[in-house]
Amino acid sequence: MTGWLIFALLVWAGGWWLNARLAARPATGFTSLIIPVIFGLTLIAVWEGVVRGFEISPVLLPAPSAIAARFAASTSILWEDFVQTVIRGALTGYVLGCGSAFLIAILVDRYDFLRRGLLPVGNFVAALPVIGLAPILVMWFGFDWQSKAAVVVVMVFFPMLVNTVQGLSASSSMQRDLMRTWAAGYWTTLLRLRLPAAMPFIFNGLKIASTLALIGAIVAEFFGSPIRGMGFRISTSVGQLALDLVWAEIVVAAITGSAFYGVIALIERSVTFWHPSQRH
Amino acid sequence: MRGSVVPVLTVVCGIFVIWYAAAVWLNAAWAYDKAARSGTELSTQMLIADTWSQDKPKLPAPHQVVVEIWETTAQKKITSKRSLVYHSWITLSATLLGFALGTGLGIALAVGIVYNRTMDRSVMPWVIASQTIPILAIAPMIIVVLNAAGISGLLPKATISMYLSFFPVVVGMVKGLRSPDQMQLDQMRTWSASGAQTFWRLRLPASMPYLFTSLKIGMAASLVGAIVGELPTGAVAGLGARLLAGSYYGQTIQIWSALLMAAALAAALVGLIGLIQRITLNRMGMA
């Protein structure tokens with residue numbers, strides 16, 4: 001029992017010492033990758049050691065090994081929930097929400113009256129607890145994934161709109177004048193100058209929306225859901241005190257969230273390679 | 001700013017027109033159904049009157065929500081369980097506690113990250129990665145687990161709020177504490193300022209604009225955390241509980257009034273921080 005605690009302490013000290021040594025060296029791609037990995041592994045080892053050392057009940061906090069075992073044992077359930085929540089709910093909503101926000105943003109940009117009127121309202125709505133609309137949308141669109149997609153659409157719409165509109169005004173008036181001297185019309189200017197210049201902002205919106213989408217789809221399931229989905233599984237498994245399954249779902253959610261964000265960041269890097277923030 | 005008053009008002013009016021129209025459209029089915037059962041013919045005028053005054057409409061008309069808010073705030077004792085002020089206070093207290101904890105944790109982490117290289121390299125990536133875990137999704141677990149450990153009431157909800165609000169603060173403060181440029185840091189060195197002096201006199205004041213921007217985001221996030229934290233407790237008290245209870249019993253007007261209350265709360269809190277920001281930055285000579 002105390003053995004596990006000493007193990008946890010040793011791992012912690014060892015990991016920190018190793019990281020301190022590595023961090024003192026000049027930064028390379030390798031060290032900037034390995035240091036957080038070591039830190040993460042240390043945390044997991046300490047978690048395992050503490051749970052075993054203090055003999056914490058699995059009802060309160062299951063050990064990482066127990067979670068891993070449960071993960072491996074219930075991949076079919078996890079996959080079913082993943083398809084229901086992420087593919088059907090979050091992804092559909094994300095595409096619809098970001099797409100419509102993008103189109104509206106161009107419309108808003110076209111008419112200055114709308115820009116001055118809609119943008120403050122959009123900024124305001126973006127700061128509101130939009131997730132509260134979930135029960136209403138569940139009532140309107142039914143319990144299945146359509147209502148989850150609707151919640152996601154509402155949640156991602158305004159951050160995306162605000163960012164895109166801001167991005168469309170990112171090109172300087174000098175650049176726009178130059179386009180005019182080349183006799184470029186509105187659409188040519190939009191496609192050749194302003195949309196490319198807006199890309200960093202658009203990707204900022206897409207990144208914010210990617211985390212919101214997952215949250216929206218999961219939380220909406222708390223307000224009613226068919227008998228599958230990550231939010232459904234989490235809330236019912238908590239009720240049954242099957243915390244290892246809950247943590248397995250959390251692992252799935254974390255991996256999905258990171259991967260989603262990572263994919264968008266990768267696309268961003270290839271699209272906005274010219275932007276100062278991408279140069280290293 | 002002044003040039004946008006008319007457009008904003010137009011847009012807001014537009015929203016209300018659409019809202020009323022949508023209320024007619026969405027509630028019409030129920031009104032026709034009712035009329036068919038009682039064997040009466042509905043004129044357009046009667047249809048509109050009915051759709052704007054149903055008990056459990058699919059979409060309540062704005063005035064119904066306003067009436068509900070008025071009845072549950074001004075006309076109920078604030079200690080009453082049916083008072084919206086009572087529920088708002090429950091949510092607000094969790095929000096504020098979580099926000100304070102999150103801000104404290106965020107600033108502490110940011111100072112550590114700026115001053116300790118190991119921490120910067122090993123913790124910062126995880127702070128970012130931590131936000132890809134949808135914490136709201138695991139809110140029920142946190143509530144139930146803390147409840148099983150004997151902690152209930154305000155603190156579990158505040159924990160969720162804290163988790164949501166610490167991230168913007170960390171990111172903003174790290175940026176802010178690093179915002180003094182090399183020239184200013186060199187200047188401090190020529191005055192032979194100690195590390196503590198550099199921190200208190202240069203880095204901390206320089207970070208204030210970043211801090212306030214982060215605080216606004218953190219406050220909004222922390223309110224969302226408090227509301228979602230109320231969902232799994234089985235609808236006892238708070239704005240989140242009102243939403244959940246409303247969705248169970250089909251009380252759409254109740255949902256909308258809780259929603260508008262939450263929106264007003266968020267707007268007021270963010271506005272308050274904005275005010276403090278203006279005053280502080282003015283007195284510091286930065287605005």
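Where in chain A does A:A183 lie?

1. The model is predicted. A:A183 is found in the loop that joins α8 (173-181) to α9 (186-220) of chain A. Its phi is near 60°, a positive value in a residue other than glycine. A:A183 counts as exposed because its relative accessibility is 67%, and the cut-off for exposed is over 50%.

2. B:S192 lies in the loop between α8 (182-190) and α9 (195-230) of chain B. Although B:S192 is not a glycine, it has a positive phi of about 45°. With a relative accessibility of 61%, B:S192 counts as exposed.

3. A further positive phi is found in chain A, at A:L241, which comes just after α10(A) and has a value of about 60°. Helix α10 itself covers residues 230-239 of chain A and is mostly covered, with seven of its ten residues buried. The buried residues are A:M230, A:G231, A:F232, A:R233, A:I234, A:S237 and A:V238.

4. One of those residues, A:V238, is also in contact with a residue of chain B, namely B:M141. Leaving aside neighbours within four places in sequence, B:M141 also contacts A:L243, A:V246, A:W247 and A:I250.

5. B:M141 belongs to the largest nonpolar core, which has 93 residues. The members that touch the most other members are A:V219, B:L136, B:M141, B:V170, B:V228 and B:W256. Another core, of 26 residues, lies apart from it and includes A:V152, A:L161, A:A198 and A:I202.

6. Two packed helices are described by the angle between their axes and the distance between the axes. In chain A, helix α4 (residues 75-110) packs with helix α7 (residues 145-168) at an angle of about 35°, and their axes are 6 Å apart. The crossing of α4(A) past α7(A) is right-handed. The residues of this contact comprise 20 nonpolar, seven polar and three charged.

7. For chain B, an unreviewed UniProt entry lists residues 6-28, 84-115, 210-233 and 253-276 under "transmembrane region". In the model, residues 6-28 of chain B are 100% helix and 0% strand, with the end C-alpha atoms 33 Å apart. Residues 253-276 of chain B are likewise 100% helix and 0% strand, and there the end C-alpha atoms are 35 Å apart.

Definitions and conventions:
Residues numbered from 1 in each chain as written. Chains lettered and ligands numbered in written order. Predicted model: local features only at pLDDT ≥ 70, side-chain atom pairs only at ≥ 80, totals over all residues. Heavy atoms only, no water. Axes fitted to C-alpha atoms, helices over the stretch in contact; angles between N-to-C directions. Helix = DSSP H or I, 4+ residues; strand = E, 2+ residues; numbered from the N terminus. Left-handed = near helix turned anticlockwise from the far one by under 90°. Nonpolar A, V, L, I, M, F, W, Y, C, P; charged D, E, K, R; others polar. UniProt positions renumbered as here; feature names shortened; annotations may be inferred. Buried < 20%, exposed > 50% of the residue type's maximum accessible area, 1.4 Å probe, protein only. Core = buried A, V, L, I, M, F, W, Y, C linked by side-chain atoms within 4.5 Å. Contact = heavy atoms within 4.5 Å.
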